[in-house]
Amino acid sequence: MSLNSPEEILTLLLQSTVEDLDIPEALALRAIGEYQSVGKFLADRYDDLGEPEALIYPQGSFRIGTVVRPLGRDDYDIDLVLRLGFAKENISQAALKARSGEDLTAYRESLENSHAPGMEEGKRCWTLRYPAARFHMDLLPGIPNPEAAPHGILITDRELQRWQSSNPIGYADWFRSQMLDDLVRFAKEAKTEVEEVEDWRAVSMLQRAVQVLKRHRDLYFEANPEDAPPSILVSTLAARSYRSGLALYSTVRVMAQEMPFYIEHDNGKFVVPNPVQPDENFADRWGKHPHRKVMFDAWLTALQRDLDDAGGGGGLDRVVERLGEAFGPEPVRKAAEKLGIATRETRESGRLRMAVGSGILGTSHGTRVRPHGFYGTS
Amino acid sequence: MGRHKPSAYRHLSVAVQAAALKRDFPRGEARVERSKLTWVGELQPSVLSAPYTVRIDYRLGRRPRVKVIDPELEPPPERTLPHSFTEGDLCLHFADDWSEDQLITKTIVPWACEWLLHYELWLATDRWCGGGHEPRRSLTSESEGR
């Protein structure tokens, strides 16, 4: 622990902030248990019906380990694919949606009433809500895409008119490959294999940086969320510009500067191709709404400015205030508390030192801060 | 780590305390006048913290008194400064934590830096995370310790 460089202090605060916003382990495990239970029910059901295999698997931020608690809400979004085994010649988009709904209804009916989740219909998804838990699951129906085996799927558009190709597993595998060094290091420290590190765990600097970016984005676009860059766009540009080996603060700072360079231009259009499905352009909505590209650039500029301002010092209270304006006062306040507690524990374990000349506290050099208690009222 | 009562009255002279402070904080000012030490120096508990001008007054027979003279510590409205005496001195230790055979520069000053760090975090969080003790009645410097 060191309070000797702005980067280290801001890294401590940013790290604690996104840890607070990340999905708690107990919740993640509970969500996994729930969707596996749906998966098992469907596997049995389709087996009994003699129909092709049904699968449920996570996608999106839960799959790549970049979950951030949504602004103003206490419950997490768990995105899942409900992949039924039909061929596209044998099922329409609307029928796929309807069939998935029937399957999920049957699942709910198979449970005792008190355990059954609530169910809601979206344009193309079905949502299961768990009464006591702090999450809901959005299930997106899909069917295999034989042209992009083994993981490619076809999903319906929101109007239930067209098939769109998608490959969430492929994307997640690509994203993971961009943080391989971090995974290897984490696995070594945890004395486990890389393959055993769960997808949803944020163990790499890349994942943590994406969480920082997403949170800053959520607040920056709070008044106009429709203009916010989609998470998949943010994650892709972040992964492309990611440099491993830096502390979190510097990682995010460098990323914010470099991300725009990975936006391609093609015939006057902005393109951020899906790395596993290059025909898909994550920036395609910027074509119809050019002001969103302008706001994207302004957002990254604001992020850099917010990080620089926080590093301006003038008191940790001011640092916390500035970070709180950018990332939300509550999680940053909790991060500051964690820093205080960590400092106290460092002194209690005899490792806290004070540099002579300046008084700067840390663990690397200087006068050891001896045991004592602060007297008086607190 | 317990402290047993020394059989003889062991103490460091005010001059020795001054010299040690000067050595550790060359930019600070230590003055000894009529057996009283006054030290003024600048402490900054973290590189993003504000610099604080701190004064320590000390004479044998009394605990060192530590005060922040710049900036003036103004608690936010409806909040009282934690771990400080009514006169504004910082409460850095219990009576047992410090004795006159210890160097102020190795004890009181690091504790003051710690206090300043926790003070800044307290301003931001409204929680004192530095640990410590809450007495049953309000405190004036005469009633605490020696």
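## Enclosed cavities

In this predicted model, the count of cavities of 30 Å³ or more comes to two. The largest cavity holds about 60 Å³ of space and is lined by 10 residues, with B:R63, B:L90, B:C91, B:L92 and B:H93 lying nearest its centre. By class, the lining of the largest cavity is made up of seven nonpolar residues, one polar residue and two charged residues.

The second largest cavity contains about 40 Å³ of space, and its lining consists of A:R63, A:I64, A:A172, A:F175, A:R176, A:M179, A:D199 and A:Q207. Helix 3 (60–64) and helix 5 (168–177) of chain A each supply at least two residues of this lining, and helix 5 of chain A gives the most, with three residues. Four residues of the lining of the second largest cavity are nonpolar, one is polar and three are charged.

## The interface of chains A and B

Between the two chains, 47 residues of chain B are in contact with 45 residues of chain A. Together the chains bury about 3900 Å², of which 65% is on carbon and sulfur atoms. B:L48, B:E114 and B:L121 supply 18% of the area that chain B buries against chain A, more than any other three residues.

## Polar links and the side of chain B

Two salt bridges are counted between chain B and chain A; B:E114 forms a salt bridge with A:R347, in which the closest N and O atoms are 2.8 Å apart. Across the interface, 18 residue pairs are in polar contact, with both residues at pLDDT 80 or more.

On the side of chain B that touches chain A, the elements giving two or more residues are strand 2 (36–43) and helix 2 (108–125) of chain B, and helix 2 gives the most, with 13 residues. That side divides into 23 nonpolar, 14 polar and 10 charged residues.

How values were computed: Residues numbered from 1 in each chain as written. Chains lettered and ligands numbered in written order. Predicted model: local features only at pLDDT ≥ 70, side-chain atom pairs only at ≥ 80, totals over all residues. Heavy atoms only, no water. 1 Å grid on protein atoms, 1.4 Å probe; cavity = no way out; pocket = protein on both sides within 12 Å on 5 of 7 lines; lining within 4 Å. Points joined across faces, edges and corners; volume = space filled by probe spheres on them. Nonpolar A, V, L, I, M, F, W, Y, C, P; charged D, E, K, R; others polar. Helix = DSSP H or I, 4+ residues; strand = E, 2+ residues; numbered from the N terminus. Contact = heavy atoms within 4.5 Å. Buried area = accessible area lost by both parts, 1.4 Å probe. Salt bridge = Lys/Arg side-chain N within 4 Å of Asp/Glu carboxyl O. Polar contact = N/O pair within 3.5 Å; in protein donor to acceptor, adjacent residues only side chain to side chain.
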